[in-house]
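This report walks through one protein structure, from its overall layout to a single residue. Please look at the sequence and the structure before reading on.

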Amino acid sequence: MNKPSNYENVSIGEFTPVAPGGHHLIIRKVDGLKPGAYHYLPMDHQLEFLHEIENLDETVNESLCGQSWAAKANVLFYWSMVPYRAEWRYGIYAHRVALMDAGHMAENLYLACTGIGLGCCAIGAFQDELCNKMLTLDGEEEFALYVVPVGTVRSCDKAEEQSFYKFVEEEGL
Ligand SMILES: Cc1cc2nc3c(=O)[nH]c(=O)nc-3n(C[C@H](O)[C@H](O)[C@H](O)COP(=O)(O)O)c2cc1C
């Protein structure tokens, strides 16, 4: 190890298949931001508003195959993949490393959420076609790969979680 990393996060390189265009957010309920589809611009650390989404709540719920608890999140990260960004460099191993990259990104989001007391949940069950349509992706050169909803955690849910851990401990599970 004689060179510092260029990134704060694990990454397969500057042409990572998921960034810079691949960070899509659906904002549902965030103070100061109108609901709709956004892009995260990592180089500028800015959000770019893309468009509104008709029947946002129903559409998001459907896009997550009816997982309504996840669709209620304040904001949902939909990461997309652009395969050629990995293929030119990693050849037949491109898809393997791209999936590892996506996993690392989700883990980083988990760490960030945990650090500021928000809840999040990795989601792999989603409707490809609807997600692509919602984010205006062509579904071939770029397609939805991973969804992570993020939201505030109600105190009653925190209490329920604590009692679950207590139950696990008491039962020696
Ligand atoms: C890549 C990936 C995809 C997942 N997809 C789903 C999903 O679509 N729906 C779901 O309920 N859980 C899914 N999970 C599991 C949840 O993210 C979560 O880890 C799981 O519900 C256990 O959480 P808990 O033990 O805190 O309840 C997925 C996990 C991973 C890592």
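## Helices, strands and confidence

The protein contains six helices and six strands, and, read from the N terminus on, its elements follow the order β-β-β-α-α-β-α-α-β-α-β-α.

The average pLDDT of the protein is 89, and 90% of the residues score at least 70. Confidence is highest in helix α1, with a mean of 97, whereas it is lowest in helix α6, which covers residues 155–170 and has a mean of 85. Where pLDDT is low, the predicted coordinates should not be read in detail.

## A residue in helix α1

D57 is found in helix α1, which spans residues 56–63. Because 14 other C-beta atoms lie within 10 Å, D57 counts as partly exposed, a class that falls between exposed, at 12 or fewer, and buried, at 20 or more. Although D57 and K72 are 15 residues apart along the chain, their C-alpha atoms are separated by 7.7 Å.

## Around the ligand

Which residues lie around the ligand? They are Q67, C121, A122, I123, G124 and A125. Of the residues in this shell, four are nonpolar and two are polar, while no charged residue is present.

Definitions and conventions. Residues numbered from 1 in each chain as written. Predicted model: local features only at pLDDT ≥ 70, side-chain atom pairs only at ≥ 80, totals over all residues. Near = placed C-beta within 6 Å. Nonpolar A, V, L, I, M, F, W, Y, C, P; charged D, E, K, R; others polar. Helix = DSSP H or I, 4+ residues; strand = E, 2+ residues; numbered from the N terminus. pLDDT = per-residue confidence, 0-100.
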